[in-house]
Amino acid sequence: QVQLVESGGGLVQAGGSLRLSCAASGRTFSSYAMGWFRQAPGKERDIVAAISRSGGNTYYADSAKGRFTISRDNAKNTVYLEMNSLKPEDTAVYYCAAAQSYGSSWYFIGVDEYDYWGQGTQVTVSS
């Protein structure tokens, strides 16, 4: 069982930056590939970025490439999402998720591939 708690969301002006954190409980954090998703009102939950167990492999949605960076610190049981050059269309609830992974280099991009979810943190970007 893994419990995930996101933090770092808030209100920011367009062009600004935020750093989201997701703290995981348990001693097996390094067994999980991690992902950040977002969901805007009336829309589906979409992948933003994903990272393998080792942190060596990452994936970014087209909307995140060049602006967002996903990273993890397995010693601190934490995954991060650094978001720069934020746009109003980035406004959403951001969720972190954990997927049991048997390959250290695997990441996952499908909602259904993840086993555990955090409660979400609101990110609002004003124009």
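Me: Which residue stands opposite S71 in strand 8?

Reply: This is a predicted model, in which local features need pLDDT of at least 70 and side-chain atom pairs count only at pLDDT 80 or more, while totals for chains, interfaces and linings use all residues. Residues are numbered from 1 along each chain as its sequence is written, and side-chain values use heavy atoms, with hydrogens and water left out. Strands (E, at least two residues) are DSSP runs, numbered from the N terminus. The residue in strand 8 that stands opposite S71 is Y80.

Me: Over how many bridges do strand 7 and strand 8 pair?

Reply: Two strands pair if DSSP finds at least two bridges between them. The hairpin of strand 7 and strand 8 has 4 residues between the strands, and N77 takes a positive phi near 55 degrees there. Strand 7 and strand 8 pair in the antiparallel sense, and the number of bridges is 6.

Me: Which residue of strand 8 is the bridge partner of R19?

Reply: Strand 3 and strand 8 run antiparallel and are joined by 6 bridges. In strand 8, the partner of R19 is E82.

Me: Why is strand 8 largely enclosed by the rest of the structure?

Reply: Buried means under 20% relative accessible area, exposed over 50%, and partly exposed in between (1.4 Å probe, protein chains only). Strand 8 is largely enclosed because, of its 6 residues, the number buried is 5.

Me: Is S21 buried or exposed?

Reply: S21 lies in strand 3, which covers residues 18–24. Its contacts (heavy atoms within 4.5 Å), not counting residues up to four places away in sequence, are V5, E6, S7, W36, T78, V79 and Y80. Because the relative accessibility of S21 is 18%, it counts as buried.

Me: Which residues form a disulfide?

Reply: A disulfide is a pair of cysteine sulfur atoms within 2.5 Å. A search of the whole structure finds 1 disulfide. Its sulfur atoms are 1.9 Å apart, and the two residues are C22 and C96.

Me: How many residues apart in sequence are the parts tied together by C22 and C96?

Reply: Both C22 and C96 are buried. C22 and C96 form the disulfide. C22 is in strand 3 and C96 in strand 9, so the pair ties together parts whose separation in sequence is 74 residues.

Me: What is the N to O distance in the salt bridge of R38 and D90?

Reply: A salt bridge is a side-chain nitrogen of Lys or Arg within 4 Å of a carboxyl oxygen of Asp or Glu. The structure holds 4 salt bridges. R38 and D90 are both buried. Their side chains meet in a salt bridge with an N to O distance of 2.9 Å.

Me: Which residues do salt bridges that share partners join into one network?

Reply: R67 forms a salt bridge with D90, the closest N and O atoms being 2.7 Å apart. This pair links distant parts of the chain, with R67 in the loop between strand 6 (58–60) and strand 7 (68–73) and D90 in the loop between strand 8 and strand 9. D90 counts as buried because its relative accessibility is 0%. Through shared partners, the salt bridges join into one network R38, R67 and D90.

Me: Is D62 buried or exposed?

Reply: The side chains of D62 and K65 meet in a salt bridge at 3.1 Å, N to O. Because D62 has 64% relative accessibility, it counts as exposed.
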